[in-house]
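Visitor: I'd like to go through the backbone of this one. Can we take it piece by piece?

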Amino acid sequence: MRSAARAWAAAGALAVATSTALSPAPAAPAEAKPFGLPFAEPPGPATWYMAQSYGNTVYAYFERGTLYRSGQGMHMGLDLATACGTVIVAIGDGVVRSVDGPGGAPPHNLAIDHPEGYVSFYGHLLERPALAPGQPVRRGDPIALSGDMYATCNASPHLHLEIRDASMGSAYNPVEFIDADWNRLLLLGASRQDFVRDLDAPRRWQALDDQPPIQFGGPLLNDYARSWPQAGD
Amino acid sequence: MRLGAFLIVLAAALTAWGIGRDRVRSLAPSPTAPAVGRAAAQPLALPPGGAAPAAHPAPPRPEGPSSLAPVGSAGTDRPLFPGRPRQLVSGGCCTGAWWSSDGEQLLFVDRPADSPIAALWGVAAWPPGRPPEVVDANAGAPAGSPRFTARPAGDFSLIRNLESGEEWPLPTGGDPVLLSPDGQRAVWWDVSGGRADVDGLISIHGSDAFGRSPHLLTALWGATVVSFLPDQRRVLAIGRPLDTFPLYAAVTLDVDSGEMVEIASGLWLAEALLSPDGRWVAYLTSLDRSHPERNGIWVAPIEGAAHDTPRKMDFVGAYRWRRGGQLLYVPMSTSDATDSIWQYDAATGTSVRLVGPEAGMRIAGNDWVVSPDGASIAWLDAADRNLWLIDLPR
């Protein structure tokens with residue numbers, strides 16, 4: 001399927017020819033990214049949209065000592081808001097690594113090994129995926145249904161999507177691996193993308209595509225002495 | 001001036017200066033351009049270490065003020081050049097910028113290289129070429145009005161009046177706080193952070209601006225206070241009355257009496273934004289699989305019997321109010337490589353494009369702000385992460 005986001009990314013390659021010296025520099029054409037989006041439908045209020053990005057988010061900061069402690073205080077993946085029961089598709093060719101295996105993100109999760117050496121991890125699934133470890137999947141195949149972390153669908157239904165290394169010990173910014181026009185995807189609503197600000201280094205980790213890799217079990221990366229918003233109790 | 005002629009003038013100007021756009025970014029600060037219009041606000045203080053650091057080089061000057069005639073200046077003293085983007089800063093400094101209350105500057109929190117502390121910086125919207133200056137040695141975030149900032153201080157928020165320099169603590173528990181633009185009232189809500197912001201029961205408190213007579217206004221699940229209404233007595237808030245159903249409501253809350261009036265409701269209602277004249281609210285409803293026609297961006301009147309007749313917008317995208325009932329929006333779904341700015345008029349229900357893709361805008365992180373007079377917008381550019389400005393047609 002040719003998603004709208006992929007269409008936008010392709011269109012981005014034309015920007016150089018149309019810009020002028022008066023205009024901001026066009027976005028560089030996306031380098032080849034191995035993966036696609038985890039939904040067959042285009043983004044929008046009726047389907048799915050970005051709810052929380054990867055990395056130095058305000059949410060993760062407030063819960064750096066609890067929910068996100070294992071990920072060095074950072075949000076380990078993307079949260080993509082979508083209604084419970086939305087079909088999730090594989091972001092790339094691969095082989096099922098685990099169903100309801102380690103990695104958290106209850107009530108159900110799924111991990112797929114990809115030949116590029118990465119693992120895609122899908123969390124907060126509505127039900128146990130009807131797949132078995134070792135089963136091959138192709139990019140775009142339906143693999144699961146989205147749910148929410150409380151298994152009630154009453155609060156913040158979303159897909160939690162991570163990209164990990166083959167050992168599952170590190171997580172990376174999915175934005176760097178999934179072919180989409182991410183800034184365009186954020187153009188919904190009245191709020192800018194918000195990251196917590198370390199007042200001792202306020203420029204660091206403030207962009208969607210400028211976030212650190214995560215080593216699970218490593219020390220906190222965001223234990224800021226002075227921050228905005230300030231540290232939660 | 002037609003675009004072609006303007007390009008020629010610009011090319012000549014750049015040639016005369018001996019610079020090109022790419023080269024400009026690495027240049028050290030250059031002399032400031034001659035002042036035009038009202039002078040920008042003077043810096044109140046400099047951080048220890050002195051003047052503007054090298055990490056804030058002067059931005060390029062794409063328009064020579066002496067060689068171009070402005071096409072108008074609606075509600076502002078500075079000349080306007082609609083449709084002509086202008087880079088305000090270099091160095092990728094300025095996420096989350098906001099306009100000063102007088103519309104003269106873009107404010108942002110930054111700590112450039114070699115600066116010992118983070119501070120509140122400002123860059124003049126006009127004239128071009130001025131490097132940013134420290135506006136306040138304390139780094140705070142806007143608190144309901146560009147006049148005020150708040151910064152954390154344990155169980156308090158330190159409120160600062162940027163115009164007078166006055167500062168005082170509010171017993172907010174360190175929670176988010178908004179002050180009415182007249183500085184008479186304050187509202188804060190006791191988020192505990194993290195998922196609790198979305199999923200928890202949030203209490204909303206009110207008091208006078210100095211924290212006297214604090215009182216509980218209401219509690220809603222997943223609540224957020226949006227802004228004060230122009231009457232400076234009520235606030236717009238959103239939240240869901242029930243924990244067990246994701247139906248959110250947009251309400252007005254009287255800070256003195258606690259009276260709550262529902263304006264609109266919808267599944268996962270979010271992203272509420274009050275128009276500058278206080279007559280309209282724009283919001284987003286989403287993820288309603290049973291009633292897909294209910295998903296989208298809506299505009300509803302705040303007052304009167306028409307609460308039950310919100311109007312659904314025919315676009316999907318990012319939005320900000322301009323002035324009155326004029327809603328600016330940037331479509332999300334487009335095949336254009338660059339972003340466009342459109343304007344919806346709530347009174348007439350019509351839309352018109354103000355800035356086309358030829359302007360080359362690429363907004364990063366939905367980070368764009370409308371000037372107080374509605375004449376311009378500033379945005380964080382996705383390609384260079386610098387702050388840019390463009391004036392809008394009337």
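Guide: One term to start: helices (H or I, at least four residues) and strands (E, at least two) are DSSP runs, numbered from the N terminus. The model is a predicted one.

Visitor: Fine. Where is P127(B) found?

Guide: P127(B) sits in the loop of chain B between β4 (119–124) and β5 (133–136).

Visitor: And what kind of peptide bond joins W126(B) and P127(B)?

Guide: A cis bond, with omega about 0°. For context, most peptide bonds are trans.

Visitor: Which residues does a cis peptide bond join in chain A?

Guide: P106(A) and P107(A) are joined by one, with omega about 10°. P107(A) belongs to the loop between β4 (94–99) and β5 (110–113) of chain A.

Visitor: Where does W205(A) lie?

Guide: In the loop between β11 (197–198) and β12 (214–215) of chain A. W205(A) is partly exposed, because 19 other C-beta atoms lie within 10 Å and the buried class needs 20 or more.

Visitor: What about R385(B), what is its phi?

Guide: Positive, about 55°, although R385(B) is not a glycine. R385(B) is in the chain B loop between β26 (376–381) and β27 (387–391).

Visitor: Is R385(B) buried or exposed?

Guide: R385(B) counts as buried, because it has 22 C-beta neighbours inside 10 Å.

Visitor: Change of topic. How many helices and strands does chain A have?

Guide: Chain A has 4 helices and 13 strands. Its 233 residues include 56% that count as buried.

Visitor: And the contacts in chain A, what share join residues at least 24 apart?

Guide: Taking contacts between residues at least 6 apart in sequence, 68% join residues at least 24 apart.

Visitor: Back to chain B. Which strand holds A219(B)?

Guide: Strand β13 of chain B, residues 215–228. A219(B) is partly exposed, with 16 other C-beta atoms within 10 Å.

Visitor: Which residues is A219(B) in contact with, leaving aside neighbours within four places in sequence?

Guide: L201(B), I202(B), S203(B) and I204(B).

How values were computed. Residues numbered from 1 in each chain as written. Chains lettered and ligands numbered in written order. Predicted model: local features only at pLDDT ≥ 70, side-chain atom pairs only at ≥ 80, totals over all residues. Buried ≥ 20, exposed ≤ 12 C-beta atoms within 10 Å, placed from the backbone. Contact = placed C-beta atoms within 7 Å.
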